[in-house]
Amino acid sequence: MPFAHYGVLSGTLHQHFRDTPDTEGAWFHVNLRVDAPEGRYKCAVDVDSHDSATGVQWKVFTVDAAVLGPVAALAPGYHELARTAGSGALDYIRHPGLRGRPSWPSWLPERLRELLDRLVRTSRPWTSGTNLEAALAFEPMLVVGRPVLVFGEPFDTGLGVHNIHQNQGDPLGSPWWAENGVWQDGATLTRRPDGRYDVFLNKFSTQKDHTDADGHPL
């Protein structure tokens with residue numbers, strides 16, 4: 001089933017650092033510390049494992065604040081988001097501001113919209129590489145003191161956000177199949193001085209780019 005809780009943390013970037021070989025465990029992260037009224041949040045952004053064959057993919061681009069809907073105007077703190085278009089939730093596949101493709105009319109059958117998506121080349125292709133290459137692509141936008149939006153699943157205890165990556169498209173048989181869902185993708189955004197947002201999207205190469213209404217691969 002999809003996550004029980006999903007939302008966005010709005011705050012100020014205090015610090016960022018990579019996992020060290022002694023602490024990374026099974027997966028490699030770029031760690032953020034984000035200040036909000038409740039305290040300092042821990043945010044672990046997955047950029048794949050130290051020596052995984054799974055592979056990581058990412059996109060880095062900039063969008064206007066208006067593209068993000070209501071979340072750009074949220075007060076600092078953690079906010080739960082409805083898993084629907086227009087709530088401010090993110091969906092790498094369905095959100096027109098993230099896809100870099102046209103937004104097809106909702107009255108078109110879903111299968112037809114999926115077919116059109118496949119026919120129209122995205123202007124924001126995924127980059128594939130190592131965990132180090134992903135971290136190097138991500139870190140330039142992590143300017144200490146910048147306002148930041150971190151989308152994902154909140155910790156069960158303590159202040160923190162994890163599953164900051166695509167959360168749909170995991171194949172049948174994978175440990176994460178049951179967590180597939182639409183409009184619950186994680187991402188990291190930082191606000192530039194001009195008011196626009198730098199965006200870092202990240203996914204694993206095993207996750208598919210086309211999913212059904214439950215977030216499972218088509």
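Buried means under 20% relative accessible area, exposed means over 50%, and partly exposed lies in between (1.4 Å probe, protein chains only). By that rule, both Phe138 and Phe200 are buried. This is a predicted model: local features need pLDDT of at least 70, side-chain atom pairs count only at pLDDT 80 or more, and totals for chains, interfaces and linings use all residues. Residues are numbered from 1 along each chain as its sequence is written, and side-chain values use heavy atoms, with hydrogens and water left out. Helices (H or I, at least four residues) and strands (E, at least two) are DSSP runs, numbered from the N terminus.

**Nonpolar cores**

- A nonpolar core is a set of buried Ala, Val, Leu, Ile, Met, Phe, Trp, Tyr and Cys residues joined through side-chain atoms within 4.5 Å.
- The largest core has 23 residues. Leu9, Leu32, Val34, Cys43 and Val150 have the most contacts inside it.
- Two or more residues of this core come from each of strand E1 (7–18), strand E2 (29–36), strand E3 (39–46), E4, helix H3 (131–138) and strand E7 (147–154).
- E2 gives the largest share, 4 residues.
- Val34 is in contact (heavy atoms within 4.5 Å) with residues including Leu9, Leu13, Tyr41, Cys43, Val148 and Val150, leaving aside neighbours within four places in sequence.
- A second, separate core has 21 residues, among them Val63, Trp126, Leu189 and Tyr197.
- In soluble globular proteins, nonpolar side chains tend to be buried together.

**Strand pairing around E3**

- Two strands pair if DSSP finds at least two bridges between them.
- E2 and E3 run antiparallel and are joined by 8 bridges. A hairpin connects E2 to E3 through 2 residues.
- Ala36 has Gly39 in E3 as its bridge partner.
- E3 also pairs with strand E8 (residues 160–162), in the parallel sense, over 2 bridges. Here Lys42 stands opposite Gly160 in E8.

- Rings of Phe, Tyr and Trp (its six-membered ring) pair if their centres lie within 6.5 Å; planes under 30 degrees apart count as stacked, over 60 as edge-to-face and the rest as tilted.
- The count comes to 2 aromatic pairs.
- Tyr92 and Trp126 form a tilted pair, 5.8 Å centre to centre with 40° between the planes.
- Tyr92 lies in the loop between E5 and helix H1 (96–99), and Trp126 in the loop between helix H2 (110–119) and strand E6 (127–129), so this pair ties together parts 34 residues apart in sequence. Both Tyr92 and Trp126 are buried.
- Phe138 and Phe200 form a stacked pair, 4.1 Å centre to centre with 20° between the planes.
- Phe138 is in helix H3 and Phe200 in strand E10, so the pair ties together parts 62 residues apart in sequence.
- A charge sits over a ring if NZ of Lys or CZ of Arg is within 6 Å of the ring centre and within 35 degrees of the ring normal.
- The charged end of Lys59 sits over the ring of Trp126, 4.6 Å from its centre. Lys203 lies over the face of Trp126, at 5.3 Å from the ring centre.

**Salt bridges**

- A salt bridge is a side-chain nitrogen of Lys or Arg within 4 Å of a carboxyl oxygen of Asp or Glu. The structure holds 8 of them.
- Arg196 and Asp64 meet at 2.8 Å, N to O. The pair links distant parts of the chain, 132 residues apart: Arg196 is in the loop between strand E9 (187–191) and E10, and Asp64 in the loop between strand E4 (56–63) and strand E5 (77–80).
- Arg196 is partly exposed at 30% relative accessibility, and Asp64 is partly exposed at 42%.
- Arg40 and Asp35 meet at 2.6 Å, N to O. Arg40 is partly exposed at 42%, and Asp35 is partly exposed at 26%.
- Asp209 and Lys203 meet at 3.6 Å, N to O. Asp209 is partly exposed at 36%, whereas Lys203 is buried at 2%.
- Arg146, Arg192, Asp194 and Asp198 are linked in a network of salt bridges.

- Asn202 lies in strand E10 (residues 197–204). Asn202 is buried, with a relative accessible area of 1%.
- Asn202 touches residues including Tyr92, Trp126 and His165, not counting residues up to four places away in sequence.
- Most residues other than glycine have a negative phi.
- Asn163 has a positive phi of about 50°, and Trp183 has a positive phi near 55°.
- Asn163 is in the loop between E8 and E9 and is buried at 15%.
- Trp183 lies in the loop between E8 and E9 and is buried at 10%.
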